[in-house]
Amino acid sequence: MNARTAAGVALLALGIGFNIPYSVLASTFDYPGVLRLPAGEILARFAAGGPGLVLTWYAFMLTALLLSATAALLAVAERNRPSAAMTGTIGVAAGLLQAIGLSRWVFAVPALAAAHADPAATEATRAGIEAAFAALHAFAGVAIGEHLGQLLTAAWVVGVASGQRSALRGLGVAAAALIVAGTGEGLALGLGRDGGLFSLATIAGFLVLTLWLLGTGAALLHRPAPEPRQAAAARA
C-alpha cells in the first residue's frame, strides 16, 4: 500500500470512525449538550454511565489521534505540494490537542465522578470536586480541545482543500468556516454569555467535515498517483 492509498483509507476511516463514538455519546450521554450543564449534574450522569461510557470516550479520543496519523499520511502522499509539510504539521497538532482535551474523560473525570457520587462525601467535598471539574473542563476541554484543537483542524482542512478541485475545495472551506465559527462558543462562555448558536455551528461544521473527509478519501483512492516522469513533466 503506497502513501496515497494509505491516506485515502485513513480519511475514509476517520470520516466514518469519529461519528461512531460521537453518536453513542449523543444517545447515551446527551453529548454535546451535557457539556454545558452544571458540574454536579455532569458528574452524576458520568458516574451513572459506568465503564461503557469511559470506553466510549476512549474510542473518541483515539479518533482524534487518527486525525494526527491521517494528516501525516496525507502530507507524505502530497509531498510534491510546497505547503504539504506545513499543512501536515498543523493537522498532527490539531489531532493531538483534541486528544488531550478528550483524554480528561478517560483519565481524570472517572475519579472525580466516583468521589462526587460517594455517599460519605460531604457537601463541602462535593463543592470542591465540582470546582476542580469545572476548572479542568474549561481548560482541557473548552480551551485546548474545543477551541485550539478545532481552530487548527479548520486550518488543516483549508490547507488541504486549497489544492483540491472546486467541489471538494468548496466543501472543505465551508466545513472550516463553520468549525471556526463554532470556536466562538468557548470565548462566549469565558465572557459569561450564551454560546448556543456557536454550538450549532460546530455541529454543522463537523457534519460537513464528514462529507469532505469521505469525498477526499474517495478521490485519493479513485485517482492514481502520477508516475515520476509525469510529475517531472508537470513541474517542467
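**Note on salt bridges and burial**

1. At 17% relative accessibility, Arg126 counts as buried (under 20% relative accessible area; exposed is over 50%, partly exposed in between; 1.4 Å probe, protein chains only). The model is predicted: local features need pLDDT of at least 70 and side-chain atom pairs pLDDT 80 or more, while totals for chains, interfaces and linings use all residues. Residues are numbered from 1 along each chain as its sequence is written, and side-chain values use heavy atoms, without hydrogens or water.

2. Arg126 and Glu123 form a salt bridge (a side-chain nitrogen of Lys or Arg within 4 Å of a carboxyl oxygen of Asp or Glu) with an N to O distance of 3.7 Å. Glu123, at 63% relative accessibility, counts as exposed.

3. The structure holds six salt bridges. One of them joins Arg4 to Glu78, with the closest N and O atoms 3.4 Å apart. This pair links distant parts of the chain, 74 residues apart: Arg4 is in helix α1 (residues 3–17), and Glu78 is in the loop between α3 and α4. Arg4 is buried at 13%, whereas Glu78 is partly exposed at 22%.

4. In helix α3, Arg45 and Glu41 are four residues apart, and therefore about one helical turn separates them. Their side chains meet in a salt bridge (3.1 Å, N to O). Arg45 is partly exposed at 33%, and Glu41 is partly exposed at 34%. Asp30, Glu41 and Arg45 are linked in a network of salt bridges.

5. Glu146 also lies in helix α6, which spans residues 123–161. At 18% relative accessibility, Glu146 counts as buried.

Notes:
Helix = DSSP H or I, 4+ residues; strand = E, 2+ residues; numbered from the N terminus.
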